Protein chains: 2
Amino acid sequence: MKTLIIVAHPQIENSTTQQFFKEGLAGFIDFTWHPIANEYQIDEEQELLQQADRIIFQFPLYWYSAPALLKQWIDDVFSVNQLDLTNKELGLVVSTGSPAKDFQAGGLEQFTMSEVLRPFEMLANKMKLHYLTPITVFQFAYLNKLEQQHLLIQYQQYVTLTNFDSFDSKIAWFNEILKQKSTDNSELEQIITVLEDNEDARHDLLMDVNQFKQDED
Amino acid sequence: MKTLIIVAHPQIENSTTQQFFKEGLAGFIDFTWHPIANEYQIDEEQELLQQADRIIFQFPLYWYSAPALLKQWIDDVFSVNQLDLTNKELGLVVSTGSPAKDFQAGGLEQFTMSEVLRPFEMLANKMKLHYLTPITVFQFAYLNKLEQQHLLIQYQQYVTLTNFDSFDSKIAWFNEILKQKSTDNSELEQIITVLEDNEDARHDLLMDVNQFKQDED
């Protein structure tokens, strides 16, 4: 799977969040990190979109929407007549300085992030793209190390994993990543063994649960 | 009431819709027609906002959002810390080439125009602006003369009338407009007389309806 990450931030180098994501992709392949340049050729940008299987818009939320530079790029590059993106995927990685609790009925912002991002969902629908559940990063600066690690793994899977929302698929991904890292590290091999044992135990439990359900019917 | 109309269209002179609105305001006062310029001073734009009672963003819908030039202007000019717009009003005049029927569950676009414009509603909430019911112009090119006239009156009231959503207020507005035009025209005076008679009749009917309601209680 080829993933195209359209990064839209006025100062990418100074953005802790964007640098965190960029560094988090070291060692992965099959993705293109594509910051929006000051000048671009529309046909070249369209060619990049055509070549991708998954397109990700990655940006900080400015006034409940994309920064103007991403909107300009979309206004320039997207075209119902000139682009066929049917059955590709559109993902969003959105960061905001507000806390998650603000985005709900009764909260400070009153509306959910799903509603805030509706225009992107509608763009996906119009272009016959599959709209992926967005990743929203709330208040990155307040995340502790463990929360950052969780976010990074979620992001790595979002960029590289075809079926990123399936538990089985995530387990297989972890095993693969650990095996790559464990060639010279017996500690990692032990972790993999534990994970595989856990996975076997989980499957046994699932079979038991299914048996209970059948007995009840 | 002072109204500031922020017009955001890449080619205002070539836009039939924008020229229609611009010409429709001839003869009215207390409004500022303010197309977004290629270059602007942020403090001057902020001063314009501070002086207005009603702020209107007027733009064609591009990819379910504002054109990039309006988004850039908002990103530049709006600021929670530098601007106090408390209790002013925010209106939107949005045009789209799609028909109204597309914007509903099961329709081609799946979501309502209220949902499309949510980010502007949220901006209004954040700035403590009163969010006015937007005017949406669907497929302007297909409107017949009568529909155009209805739209124009709705627009004139949106720009100039404090309480534009009240029937009584609209009637008073019509009488005022007609009186201004009728100084040398006996035909218009007859129209005003008919309207005033109708208005008297409507008030009598309303009293009757209220009497029926009381009798039922």
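**Entry 1**

I began with chain B, where the side chains of B:Glu196 and B:Lys179 meet in a salt bridge at 4.0 Å, N to O. I take a salt bridge to be a side-chain nitrogen of Lys or Arg within 4 Å of a carboxyl oxygen of Asp or Glu. This pair links distant parts of the chain, with B:Glu196 in helix H8 (residues 186–216) of chain B and B:Lys179 in helix H7 (residues 167–181) of chain B, 17 residues apart. Helices here are DSSP runs (H or I, at least four residues), numbered from the N terminus. I looked up the cover too: B:Glu196 counts as partly exposed at 33% relative accessibility, and B:Lys179 counts as partly exposed at 45%. For these words I use under 20% relative accessible area for buried, over 50% for exposed and partly exposed in between, with a 1.4 Å probe and protein chains only.

A note to myself on the source: this is a predicted model, in which local features need pLDDT of at least 70 and side-chain atom pairs count only at pLDDT 80 or more, while totals for chains, interfaces and linings use all residues. Residues are numbered from 1 along each chain as its sequence is written, chains are lettered from A and ligands numbered from 1 in the order in which they are written, and side-chain values use heavy atoms, with hydrogens and water left out.

**Entry 1: salt bridges one turn apart**

Next I went through pairs within a helix. B:Lys71 forms a salt bridge with B:Asp75, and their closest N and O atoms are 3.0 Å apart. How are B:Lys71 and B:Asp75 placed in helix H3 of chain B? They are four residues apart in this helix (residues 68–77), so about one helical turn separates them. B:Lys71 counts as buried at 5% relative accessibility, and B:Asp75 counts as buried at 19%.

In helix H8 of chain B I found B:Arg202 and B:Glu199, which are three residues apart and therefore separated by about one helical turn. Their salt bridge has its closest N and O atoms 3.1 Å apart. B:Arg202 is partly exposed, with a relative accessible area of 23%, whereas B:Glu199 is buried at 15%.

A search of the whole structure gave me 17 salt bridges over all chains.

**Entry 2: where the chains meet**

How many salt bridges are there between chain A and chain B? I noted four. One that I looked up is B:Arg118 with A:Glu115, whose closest N and O atoms are 3.4 Å apart. A:Glu115 and B:Arg118 also belong to a network of salt bridges with B:Glu121.

The contact (heavy atoms within 4.5 Å) takes 28 residues from chain A and 28 residues from chain B. Chain A and chain B bury about 2500 Å² between them, 66% of it on carbon and sulfur atoms. That buried area is the accessible area (1.4 Å probe) that two parts lose on being put together, summed over both. Which three residues supply more than any others of the area that chain A buries against chain B? They are A:Trp63, A:Tyr64 and A:Met122, with 31% of that area.

I then compared the copies. The same surface serves both copies, as 100% of the contact residues of chain A recur in chain B.

**Entry 3: helix H5 of chain A**

Is this helix mostly covered or open? It is mostly covered: seven of the nine residues in H5 (residues 118–126) are buried. The buried residues in H5(A) include A:Arg118, A:Phe120, A:Glu121 and A:Met122. After H5(A) comes A:Lys128, whose phi is positive, near 55 degrees.

**Entry 4: helix H8 of chain A**

Last, I turned to A:Asp197, which has its place in helix H8 of chain A and is partly exposed, with a relative accessible area of 46%.

Methods. Helices (H or I, at least four residues) and strands (E, at least two) are DSSP runs, numbered from the N terminus.
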